[in-house]
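Hi everyone, thanks for coming. Let me put the structure up, and then we can walk through it together.

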Amino acid sequence: MKKKALTASTMLLSLSLVLAACGGSNNNNGNNGASPAASPSAPAAESSEAPASEASGEPITLNMMHLWPEGSSLQQFKLVNQIIEEYKSVAPNVTIKTEVLENEQYKDKISVLSSSNELPDVGLTWAAGFLEPYVKGNRFAPLDDLLQGELKDKFVPGTPEAYSSGGKVYGLPLELNIVPIYYNKEIFANNNLQPPQTLDDLKNIIKTLSDKGITPITLGGKDAWTVSFWYMYLAERFGGTELLDQSVANNTFNDPALLEAAKASQELVDMNAFIKGFNGLSNDEAKAEFASEQAAMYAMGTWEVPNYTTNPDVPQEFKDKVGFFKFPTVTGGKGGVNDWVGGPGVGLYVSESSPHKEEAKKFVSFFVQKWGEHSVVDAGVIPATKVDTSKINLPPLFIELLNELNNANNLTLFLDVQMKPVAADEHKKLAQALYGKSISPEDFLKKHEEALKAGK
Amino acid sequence: MAASFSCLYDRGGNTHAMEKVMSNKGIIALYVLPSLLLILAVIYVPIVLTGYYGLMEWDAVSPMQYIGLDNYSRLIEDGAFWASVRHSLVFAVMSTLSLALYLAVAMILSGNIRGANLLRKVYLIPMLLSSVAIAQLWLKIYHPTTGILNGFLEWIGIENTPAWLSDPKVVLWAVFIPILWQYAGFYIIIYYAALKNIPGTLVEAARIDGATSVQIALRIKLPLIFEVIKVTIVLAVVGSLKYFDLIYVMTGGGPNGASEVMASFMYNAAFDRKEFGYGSAVGFFLLVICLIATWGIRRLTATKDTIEYS
């Protein structure tokens with residue numbers, strides 16, 4: 001019996017460790033296998049740019065892992081396959097094999113694969129804090145030569161830099177996300193409401209709706225990063241565009257504007273601005289409240305825009321009701337209405353230990369360019385490469401947002417992306433606690449500072 | 001060796017030949033080897049490795065760094081960890097107490113009441129569902145505005161219904177209930193089988209001597225299945241201490257750690273915060289706690305002589 005209990009109790013922890021244990025032995029194999037293969041292919045690729053496909057006619061396979069499953073991200077899934085298909089005509093000897101995982105599973109898998117040095121040749125990464133350990137562990141290849149060469153000036157300024165570490169860029173951004181507040185025009189019209197210009201306007205809207213028993217804002221606080229949006233915007237509007245970046249960079253979190261933002265957050269909670277029980281709802285559940293018109297407003301990244309414009313599964317009747325507004329300003333605050341919270345989403349990396357590194361680099365370069373051409377029209381994804389809105393035909397909501405992006409004054413990178421993993425996790429939990437009113441604004445700041453100072 | 005093997009194919013089929021084979025130490029080792037290797041590889045080696053990783057600082061990507069017992073001293077000072085230990089212990093106590101309820105249900109079911117057969121199957125159904133399905137089901141039940149639980153509470157006239165998974169004060173209890181529900185059938189079946197095993201003659205003799213049903217249950221049946229009860233207590237306690245899946249799906253340990261248990265804390269440390277060294281230290285600690293709990297329960301419930309049916 002004792003033995004059985006012991007066996008059972010260790011099942012869970014052994015799971016992760018078995019993976020890690022296997023990794024130890026594969027580590028060597030991976031390296032041994034990589035080095036002899038890499039050396040012949042690399043010079044061949046560099047010496048002759050154009051006829052590379054003829055010169056290195058030897059068939060090679062590049063493994064690619066991405067996070068757009070057919071079920072939940074059909075348009076991205078199709079677009080990836082389309083680009084891979086197109087690449088065949090450019091490099092017929094290269095076969096691209098894909099593995100697709102859902103977002104959270106992808107994050108787990110990439111860290112496990114990385115620990116055993118078995119990363120796919122090409123894959124997706126997030127910026128800043130996520131990327132840092134991979135660069136430190138020498139897992140990603142620097143891509144500066146591409147950015148100086150064929151990709152020069154293709155990106156919205158500042159976006160590749162979010163993927164840099166120690167002066168080198170390790171990822172090519174595919175998406176640029178900003179966070180507008182979507183609202184239901186019909187609910188607003190029925191209650192004689194206009195999109196708010198200032199925080200006080202927003203409070204009036206909240207009060208009006210709340211008094212009538214309509215949920216003003218839907219929020220999926222179980223996924224704590226959605227709560228963080230609200231805090232980041234308030235902090236930005238009170239303290240200006242540099243405040244959060246500087247706080248993270250200097251490991252301090254005691255600016256008066258940060259405290260004001262925390263207090264304003266709890267004020268909104270006290271007004272019943274957010275849906276009942278939001279800290280127990282996932283983002284998907286919260287989203288459903290907006291889609292079923294049970295809630296009037298919803299702050300979410302621009303990755304949601306296709307659901308309100310191009311997605312054929314969403315009824316046109318609902319799409320017509322969705323508008324967006326920019327986060328309102330606060331009186332006396334330093335942040336402007338054209339400052340956005342957002343950040344590049346995922347970007348492509350090339351594995352440092354890939355046996356076909358040069359081929360992989362060529363593929364990612366091709367990929368980001370094609371992605372830039374197609375993504376906004378085909379998949380509704382705003383690319384980090386520049387988009388000329390005069391040349392494309394899209395629903396108005398989309399065009400308006402793209403134009404806003406061109407007018408954007410500055411971008412505050414998502415805090416949980418900026419911070420190191422432990423601090424980021426702490427930030428999200430604290431945001432949950434602040435909005436759940438289980439922590440005071442003062443303690444909220446103090447604990448942030450502690451987490452940042454710990455440097456993990 | 002070859003000679004010994006040929007004995008196996010001996011058509012004689014007498015136990016004598018079998019004994020001869022089994023007395024050969026080489027053969028015994030050969031038979032034990034596959035399962036021994038398997039157990040070593042998937043259980044004991046990882047345990048040792050967990051202990052080893054617990055001494056490291058490691059983000060799963062950069063090279064490991066030896067830091068001695070720092071992870072453990074940090075563990076002792078980590079308030080969030082002790083909160084999760086407290087939650088796990090509360091849950092272990094609740095699971096153990098609920099065994100009394102399961103036992104009562106099993107007693108009733110084994111008493112040949114009408115429909116016992118059907119009820120037994122009904123109780124077992126949650127066991128057949130996967131944890132994730134159960135979690136999804138209860139997420140719907142607990143939904144603050146459209147869930148049937150709050151719908152019912154509103155229908156009977158309660159205003160300000162609780163936000164079950166959002167309120168730090170209730171969330172822990174809200175996630176325990178589905179877990180207890182999930183395992184109820186399991187324990188009921190174990191008790192039912194044990195009770196059915198009691199010879200009817202004993203109960204009959206007691207009844208002739210004038211014992212009431214309650215007396216039969218407490219004085220005859222309970223002592224006779226005490227060995228089984230001991231086993232279920234260990235299962236319930238250890239199972240609760242290492243419980244993970246439903247909590248992970250329903251709340252992820254949130255909000256702000258209000259429903260964090262040891263296993264979810266370990267997972268979050270390793271996979272969310274990317275501190276595999278620290279996560280391993282938590283895992284090792286969890287193992288030690290489970291061993292101590294098992295040992296403690298065996299000590300507490302030790303009886304001098306076991307009662308047997310005779």
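**Where the two chains meet**

Between chain A and chain B there are eight residue pairs in polar contact, both residues at pLDDT 80 or more; a polar contact is a pair of N or O atoms within 3.5 Å, and within protein one must be able to donate a hydrogen and the other to accept it, while residues adjacent in sequence count only if both atoms are side-chain atoms. This is a predicted model, where local features need pLDDT of at least 70 and side-chain atom pairs count only at pLDDT 80 or more, while totals for chains, interfaces and linings use all residues. Residues are numbered from 1 along each chain as its sequence is written, chains are lettered from A and ligands numbered from 1 in the order in which they are written, and side-chain values use heavy atoms, without hydrogens and water.

The two chains also share three salt bridges, each a side-chain nitrogen of Lys or Arg within 4 Å of a carboxyl oxygen of Asp or Glu. One of them links K429(A) to E260(B), with the closest N and O atoms 3.6 Å apart.

Now follow E260(B) into its own chain. Its side chain makes a polar contact of 2.9 Å with the side chain of S264(B). Is S264(B) buried or exposed? S264(B) is buried, because its relative accessible area is 1%, and buried means under 20% (1.4 Å probe, protein chains only). Beyond its neighbours within four places in sequence, S264(B) is in contact with F244(B) and G253(B), contact meaning heavy atoms within 4.5 Å.

Terms used: Buried means under 20% relative accessible area, exposed over 50%, partly exposed in between (1.4 Å probe, protein chains only).
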